[in-house]
Amino acid sequence: MDLQSGVETSESRFAAYVEALSSAVGHADRVAPLKAYCTGLILPGERKSVEPMAARVEPGRVQAAHQSLHHFVAKADWSDAAVLAVVRAQVLPIVEAQGRIRAWIVDDTGFPKKGRHSIGVARQYCGQLGKQDNCQIAVSLSVANNEASLPIGYRLYLPEAWANDPDRRTKAGVPEDVTFRTKPEIALGEIEAALAAGVPRGVVLADAGYGIDTGFRIAVTALGLTYVVGVQSSTSLWPPGSEPLPPKAWSGRGRPPSLVRRNPQYKPVSAKELVHALPESAWHSVTWREGTHAPLASRFAAVRVRPAHRDYWRSAPRPEEWFLVEWPQGESEPTKYWLSTLPRDTTLADLVDQAKLRWRIERDYQELKQEIGLGHYEGRGWRGFHHHATLAIAAYGFLVSERSLIPPSDRPSPALLEAPRLSEDYRPRGTPATTRAPRPQLDRHHSH
């Protein structure tokens, strides 16, 4: 197949894909901006905010296209959940054709922001920057197998300072039913929605930001799902073969004691302490997948433990689960810790393979940000933030489905869509005309 015919085939599939999405946006007059917005997200370009996309998609009528796209993403009342449901229906069968869904990956991502007026902006830890700074944070749920992954849930984390401020809520258009929820609580809501929608089940994977939340782990188990989640070196555990002391014997007076016990001589240990007590025979080298240049391998140990966090308020010990540790050769300390409710007979290699499948979310976010422009939205409102993200996920879903048609040896694929030629006299807003200032240093260019 030559390049030109390949582009035409991709364009016809894209048209059919957008046609399916149009059923979820309501009015017929939203179909054209839906197609234009998704096209703008897929086409090459440094910025995927509204105006640059309008210029790329409709170079002959940039101002009108800008107004149309802005209204569609920031104002129009269509359902993010309905669009994401159509994306799932279109893309998941293609993903599953390459292998069963193995994981539901919970994660969050940050978007640095200079000002403080955009919805949800607060000084908080931003992974993209590796430090605390002004940013927005969104929590996502993705489904994955060995070959592909797709975000199916996405929700802005609204800090308490925002959630409890009526004026800021009104200006940003925060819905009345949106209250403060922690990131693990948001993730649980996305998991519950996925279960209700009948999404094929997978093992829940999450980093320590979620795994250290005992309530999150308990809730995942209560929903009938298993997990492999990161924890910290300070996590409190009962070592293999040990558990809390039983309730005290009843003296015959008052209410019979019902809570398990510990004492200064008999108590749980930290994950780090447990690891340092493991014998050398507990450690094994495991290779989990092929990397870019070589197989990925490291040193791991796994033992059965009981989580101990505040179990002195319980009437019975917590069930046993896997404690998995990675300690690469040559490192002075372990680099990662996990807890997992995978079955007791799970092999070390399978534990590692499942835990490491979480890498796919890192690739998702990298491509969503760098190729699709997930973080490029410049509006300040709740609706626009989520509409832009939903359309970015929809565009990414199309890329995922297209890649499945290309043998791995042929990747990367050629450009899927071709952009119209931009008119020579087009200038983004804020860009001065060449004759505006006699001295160039007096012109001020604000990138968008």
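Trainee: Leaving aside its neighbours within four places in sequence, which residues is Ile 152 in contact with?

Mentor: Please keep in mind that this is a predicted model. Beyond those sequence neighbours, Ile 152 contacts Leu 84, Arg 88, Leu 141, Ser 142, Val 143, Ala 194 and Val 199.

Trainee: Is Ile 152 buried or exposed, then?

Mentor: Ile 152 counts as buried because its relative accessibility is 7%, and the cut-off for buried is under 20%. The residue belongs to strand E4, residues 149–156.

Trainee: How far apart in space are Ile 152 and Ser 140?

Mentor: Their C-alpha atoms are 7.5 Å apart, with 12 residues of separation in sequence.

Trainee: How do E3 and E4 pair?

Mentor: They run antiparallel over seven bridges, and a hairpin of four residues connects E3 to E4. Ala 144 stands opposite Ser 149 in E4.

Trainee: Which other strands are joined to E3?

Mentor: Strand E1 (residues 103–112) is antiparallel to E3, with 10 bridges; there, Thr 109 has Ala 138 as its bridge partner. Strand E2 (residues 122–126) is also antiparallel to E3, through five bridges, and Cys 126 is partnered with Lys 131. E2 and E3 form a hairpin with four residues between them, where Gly 130 has a positive phi of about 70°.

Trainee: How many residues of E3 are buried?

Mentor: In E3 (residues 131–144), 11 of the 14 residues are buried.

Trainee: Changing topic, which residues make the nonpolar surface patch?

Mentor: Leu 259, Tyr 312 and Trp 313 make that patch, of about 340 Å². Tyr 312 sits in the loop between strands E10 (295–307) and E11 (321–326), and is partly exposed at 34% relative accessible area.

How values were computed
Residues are numbered from 1 along each chain as its sequence is written. This is a predicted model: local features need pLDDT of at least 70, side-chain atom pairs count only at pLDDT 80 or more; totals for chains, interfaces and linings use all residues. Side-chain values use heavy atoms; hydrogens and water are left out. Patches are made of residues with over 30% relative accessible area and no salt bridge: like charges are joined within 9 Å, nonpolar side chains (Val, Leu, Ile, Met, Phe, Trp, Tyr) within 5 Å. Accessible areas come from the Shrake-Rupley method with a 1.4 Å probe; for residues, only the protein chains shown count as cover. A salt bridge is a side-chain nitrogen of Lys or Arg within 4 Å of a carboxyl oxygen of Asp or Glu. Helices (H or I, at least four residues) and strands (E, at least two) are DSSP runs, numbered from the N terminus. Buried means under 20% relative accessible area, exposed over 50%, partly exposed in between (1.4 Å probe, protein chains only). Contact means heavy atoms within 4.5 Å. Two strands pair if DSSP finds at least two bridges between them.
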